[in-house]
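Reader: I'd like a close look at the aromatic side chains in this one. Could you walk me through how they pair up?

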Amino acid sequence: MNHQLSIEKRNLVLLSMAKLVEEERNQIILTNQADLAAYNGTDLAMEERLKVDNKKIDEMILSLNQLASQEDPVGVERFHFIHENGIKVSNKTAAFGTILIIYESRPDVTIEAGGIAFKSGNKILLKGGKEALKSNLKIVSLWHQALTENNVSTEWVEYLNFNRQETQAFLEKPTQKVDLIVPRGGEKLIEFVKAHATCPVIVSGRGNNFVYVHKEADTDIALKVILNAKTSKISACNAIDKVLIDSGLPNFEGFLAILIEELDESKVEIIVDKILEPFTNTSVLKNEDIWYEEFLDYKIVLGAIASEEEAIAKINKYCGGHSAAIITRNKAVAQEFMDSIDAAAVYHNTSTRFTDGGQLGLGGELAISTDKLHQRGPIGLQHLVTNKWYIYGEGQIR
């Protein structure tokens, strides 16, 4: 788009969208039920992501209202000085331009990610999964209504109803300028986008998050954190898949027996390493590659570990660079662990489920980056901008 929308206009569109989502709540849910009825997959996580219910509608509305209340991330001065020749120099944040979001089966992304990109002054191209097509088209129609009500071109929010071949063709030869692509989904989607994109990509990669139960852990906290991080939302990338338990933990066997019993009661499939083979209601892992896997399912791997140094090395080798937690009473060990782990978010005595833009104070997120450039972890409003130099003079030459 050639002209930046004022912050007042962007906020009015977001508030109009929040109002329309509330008014159309029942229609959105009914439309989503048609998508759910047509979904014949067996992927529980995919189905959970696809479903829109009243709780998700409430979260969509809250996200839009919060976005409208936040400061404008565009035009924020980062640096300024007056050159010795008198020219005035400043550097300010600026919108990227056009952001393409490619995602799987999550109609709520059409609201939340679209809203964040729009508030940060960017044109949005949305490419959702085919499983959620009806839901996404319904929500995009509301975006267009909100834009029209505020005399803003509907070109600011565009849905790309492409199949796989058309998507590949667009990535390789875009028919319009695209400044940034953010894929949200599984590893196959991310590999596909990275293989074919011709502009920068921020990867929202796999979770495969770890918890390390240190030998000085409070085992009540360990149990609470592991159960929450594994079972509260299996479709979330901030769920955990692996637990390492220090063999020096007092009552090591007793703690494991309770943990396995509680995971089993929650219908979690429990895979253990060779050392933990004697424990019942478990199966032994067949090869080491499973340590790399993100499950997005009621499934977990438990392993014994001899020290915090070995735990750090193992997590850095296998995790997806997303989130990792240590459970311990020893603050010095916790700090060493958190400083050494190569992940976007590190935790002490806390569930990894907090790796989320809303929970970490961003008011929502476009995605959770497992890249280190240009933003790591949840991507909020303030991260969807680049910068621009402004130089004011009176005929100075060099």
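This is a predicted model: local features need pLDDT of at least 70, side-chain atom pairs count only at pLDDT 80 or more; totals for chains, interfaces and linings use all residues.

Author: The structure has 9 aromatic pairs. Take phenylalanine 162 and phenylalanine 170: their rings sit 5.7 Å apart, centre to centre, with 50 degrees between the planes, so the pair counts as tilted rather than edge-to-face, which needs over 60. Phenylalanine 170 is buried, at 5% relative accessibility, while phenylalanine 162 is partly exposed at 27%.

Now go to tyrosine 292 and tyrosine 318. This pair is edge-to-face, with 4.7 Å between the centres and 65 degrees between the planes. Tyrosine 292 lies in the loop between strands S10 and S11, and tyrosine 318 belongs to helix H11, so the pair ties together parts 26 residues apart in sequence. Tyrosine 292 is partly exposed at 34%. Both tyrosines belong to one aromatic cluster that also takes in Phe210 and Trp291.

As for the helices, H4 (residues 54-69) and H5 (residues 107-119) pack with their axes 10 Å apart and at an angle of about 5 degrees. That makes H4 and H5 roughly parallel to each other. On the H4 side the contact includes Met60, Leu64 and Leu67, and on the H5 side Ile111, Gly115 and Ile116 are among the residues involved. By type, the residues of this contact come to 7 nonpolar, 2 polar and 3 charged.

Technical notes:
Residues are numbered from 1 along each chain as its sequence is written. Side-chain values use heavy atoms; hydrogens and water are left out. Axes are lines fitted to C-alpha atoms, for helices over the stretch in contact, and angles run from 0 to 180 degrees between N-to-C directions. Helices (H or I, at least four residues) and strands (E, at least two) are DSSP runs, numbered from the N terminus. Angles under 35 degrees count as roughly parallel, over 145 as roughly antiparallel, 65 to 115 as roughly perpendicular and the rest as oblique. Contact means heavy atoms within 4.5 Å. Ala, Val, Leu, Ile, Met, Phe, Trp, Tyr, Cys and Pro count as nonpolar, Asp, Glu, Lys and Arg as charged, and the others, Gly among them, as polar. Rings of Phe, Tyr and Trp (its six-membered ring) pair if their centres lie within 6.5 Å; planes under 30 degrees apart count as stacked, over 60 as edge-to-face and the rest as tilted. Buried means under 20% relative accessible area, exposed over 50%, partly exposed in between (1.4 Å probe, protein chains only).
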